[in-house]
Amino acid sequence: MLNKKIKRFLVSGGLLIATVLVNPISAMPMAAAPVKVQAAEIPTVDPQVDEIVWRYRTLDDGTIQKRRWNATRGYWVDPYWINVT
């Protein structure tokens, strides 16, 4: 009878040890399954050059003047009017 108990203990203990050695992942906490990530299209930045245009005006005395205007951003590039004639 003692021989049966020892045999049963060794078999059950050996089975437990064999299970842990063969399948060590089951003894560890489970991690999340890997997720397949697809690469998204990265939007490309298309830099735009400021559009600078000349604006002209004629004064009452007939003098023609010009000044540069930034049409992209909406402000005067030159701080003053330049006489053309």
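**Salt bridges, aromatic contacts and surface of the chain**

Asp78 is buried, with a relative accessible area of 11%, where buried stands for under 20%, exposed for over 50% and partly exposed for values in between (1.4 Å probe, protein chains only). The model is a predicted one, in which local features need pLDDT of at least 70 and side-chain atom pairs count only at pLDDT 80 or more, while totals for chains, interfaces and linings use all residues. Residues are numbered from 1 along each chain as its sequence is written, and side-chain values use heavy atoms, with hydrogens and water left out.

The chain has 1 helix and 4 strands, arranged α-β-β-β-β from the N terminus on; helices (H or I, at least four residues) and strands (E, at least two) are DSSP runs, numbered from the N terminus. Buried residues account for 6% of the 85 residues in the chain.

The structure holds 2 salt bridges, each defined by a side-chain nitrogen of Lys or Arg within 4 Å of a carboxyl oxygen of Asp or Glu. In one of them, the side chains of Asp78 and Arg68 meet at 2.8 Å, N to O. This pair links distant parts of the chain, with Asp78 in the loop between E3 and E4 and Arg68 in strand E2, 10 residues apart; Arg68 counts as partly exposed at 31% relative accessibility. Arg73 forms a salt bridge with Asp50, the closest N and O atoms being 3.2 Å apart. Because Arg73 lies in the loop between strand E2 (64–70) and strand E3 (75–76), and Asp50 in the loop between helix H1 (2–22) and strand E1 (52–58), the pair ties together parts that are 23 residues apart in sequence. Arg73 is exposed, with a relative accessible area of 59%, whereas Asp50 is partly exposed at 24% relative accessibility.

A search of the whole structure finds 2 aromatic pairs. The rings of Trp69 and Trp76 have their centres 4.8 Å apart and their planes at 75°, so the pair is edge-to-face; rings of Phe, Tyr and Trp (its six-membered ring) pair if their centres lie within 6.5 Å, with planes under 30 degrees apart counted as stacked, over 60 as edge-to-face and the rest as tilted. Trp69, Trp76 and Trp81 form one aromatic cluster.
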